[in-house]
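Hi everyone, thanks for coming. Please have the picture up on your screens, and let's walk through it together.

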Amino acid sequence: MTSLTDRYIWAAVRTVPESERPDLELDIRDLIEGAVEARTATRHDPAAAERDALSELGDPERLAADYVDRPLTLIGPRYYLDWLRLLRTVLLIVVPLATVAVLVVQLLTTGSIGGAIGSAASTAITATVHIGFWTTLLFVVLERSGTTDGTVQWTVDRLPDVPDHDRGARLSEFIASLVFLGLFAGAIVWQQLRPAVRDGDGGAVPVLDPALWSFWIPWFLGLIAAEALFALWVYRRGWSWSSAAVNLLLGLAFAVPALLLWAGGRVLNPAFTGAVGWDPAVAAAGGWKAGGIVVAAVVIIAAWDVADGFLRAHRALAHPARRLSARR
Amino acid sequence: MSRDDDLTAGHLQELRRGTVVLACLTRLRTPDYGYSLLESLDVLGIQVDANTLYPLLRRLEKQGLLVSEWDTAESRPRKFYRTSPAGDDLAALLTDDWDRLTASLHRLSEGQEP
């Protein structure tokens with residue numbers, strides 16, 4: 001027995017389970033010797049015939065895989081689409097959530113913006129790699145475990161909606177809203193937990209009156225959560241008269257208590273105004289009171305936001321058939 | 001040019017894929033060993049690579065369409081394959097279908113509408 005044939009057989013059988021090796025070895029040896037015999041019978045010298053025959057048989061691992069029906073793909077066509085869908089869904093849900101969660105927690109606990117962004121980015125990368133690896137590993141095992149009924153049966157009910165082309169534009173608004181609301185809520189919590197201002201004894205001084213925590217700060221945090229849900233609703237369904245009306249209610253629920261509290265001087269922490277030596281009720285340069293500027297700003301922003309909602313609803317309803325005409 | 005050749009080769013391969021099974025089941029009604037089967041198919045113009053044929057024979061054996069035994073009488077052991085009764089039935093069925101397809105394709109190319 002010559003060494004090339006033995007080496008070829010070993011290269012082939014070592015890739016299959018121990019129990020199948022003797023059988024496979026006999027088969028492949030029969031195959032090689034048949035091929036060599038056919039060649040020596042005609043023209044070749046034995047060494048060249050062997051080399052020629054083995055070259056024709058090709059990669060021994062591929063031959064062995066053919067013999068034992070082992071897939072030569074990591075994830076074959078049977079599972080590929082399920083793998084892709086699951087991976088996409090899990091990545092889109094988990095990575096943003098984990099990243100934002102780490103960002104907020106790091107901001108609150110360390111107070112360093114750069115460090116928080118770094119941690120969040122590293123979390124995003126780690127989560128992506130882990131999800132990619134474990135999801136793929138699951139499907140690689142499925143592909144090789146030989147179960148046949150693991151795939152989800154496709155039905156017409158799973159057809160996606162025709163893409164709403166306004167939705168892509170709304171996505172950036174949605175993300176911007178979430179970021180703004182997150183920063184707003186974070187600022188409210190942060191000024192209480194890690195105030196920047198210290199009083200004479202070195203004690204922390206929150207900007208907002210701590211008495212507001214009994215009702216009004218939870219009210220505004222709840223409103224921020226409601227605004228986030230509202231942003232999601234608008235992102236998914238677009239502007240309509242009902243969403244503009246809800247926007248009006250949310251705007252009133254924010255602006256009216258905020259203005260009343262401000263007018264009653266109940267927003268700022270007296271200890272804070274004392275510590276920084278600033279009173280909004282005192283006229284600043286030009287005769288304007290800072291308090292009046294704040295009132296004007298809140299009124300203008302709230303009114304603009306409400307009007308903008310109705311304008312967008314009007315525009316969206318004036319062109320209802322954008323969906324299919326935008327199809328290309 | 002070579003892309004056209006690849007295209008042609010691909011279509012030919014698609015067309016011939018199932019016929020090797022039918023050829024083996026038909027030919028092995030007379031017992032034979034692997035390499036001799038390969039050569040006799042080659043002579044008939046049914047080209048198949050050894051590294052395709054041998055795993056195919058093994059698969060057909062697992063499916064109970066072929067039976068095999070080792071002939072140890074000669075200088076080296078050789079595996080003989082023979083079509084089983086189940087393989088024989090399948091070969092008859094496949095042949096009928098092949099004939100039906102051939103007739104249909106002829107009718108198509110002659111422009112006969114059904």
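Let's start in chain B, where Ser68(B) stands opposite Tyr81(B) in β3(B). Strands here are DSSP runs of E with at least two residues, helices are runs of H or I with at least four, and both are numbered from the N terminus. Before going on, please keep in mind that this is a predicted model: local features need pLDDT of at least 70, side-chain atom pairs count only at pLDDT 80 or more, and totals for chains, interfaces and linings use all residues. Residues are numbered from 1 along each chain as its sequence is written, chains are lettered from A and ligands numbered from 1 in the order in which they are written, and side-chain values use heavy atoms, with hydrogens and water left out.

Back to our strands. Asp71(B) has Arg78(B) as its bridge partner in β3(B). In total, six bridges join β2 (residues 66-71) to β3 (residues 78-83) of chain B, and the two run antiparallel; two strands count as paired if DSSP finds at least two bridges between them. They form a hairpin, with six residues between β2(B) and β3(B).

Which order do the three strands of the open sheet in chain B take? The order is β1-β3-β2, with antiparallel pairing. β1 (32-33) and β2 of chain B are at the edges with a single partner strand each, so one side of each has no neighbour in the sheet.

Now, Arg78(B) comes up again. Its side chain meets that of Glu37(A) in a salt bridge, at 2.6 Å from N to O. By salt bridge I mean a side-chain nitrogen of Lys or Arg within 4 Å of a carboxyl oxygen of Asp or Glu. How many are there between chain A and chain B? There are eight salt bridges.

On the chain A side, α2 (21-42), α3 (46-57) and α4 (60-68) each supply at least two residues to the side touching chain B. The most comes from α2(A), with 12 residues.

Taken as a whole, the contact (heavy atoms within 4.5 Å) uses 20 residues from chain A and 15 residues from chain B. Asp27(A), Asp30(A) and Tyr67(A) supply 31% of the area that chain A buries against chain B, more than any other three residues. Buried area is the accessible area (1.4 Å probe) that two parts lose on being put together, summed over both. Between chain A and chain B that comes to about 1700 Å², with carbon and sulfur atoms giving 46%.
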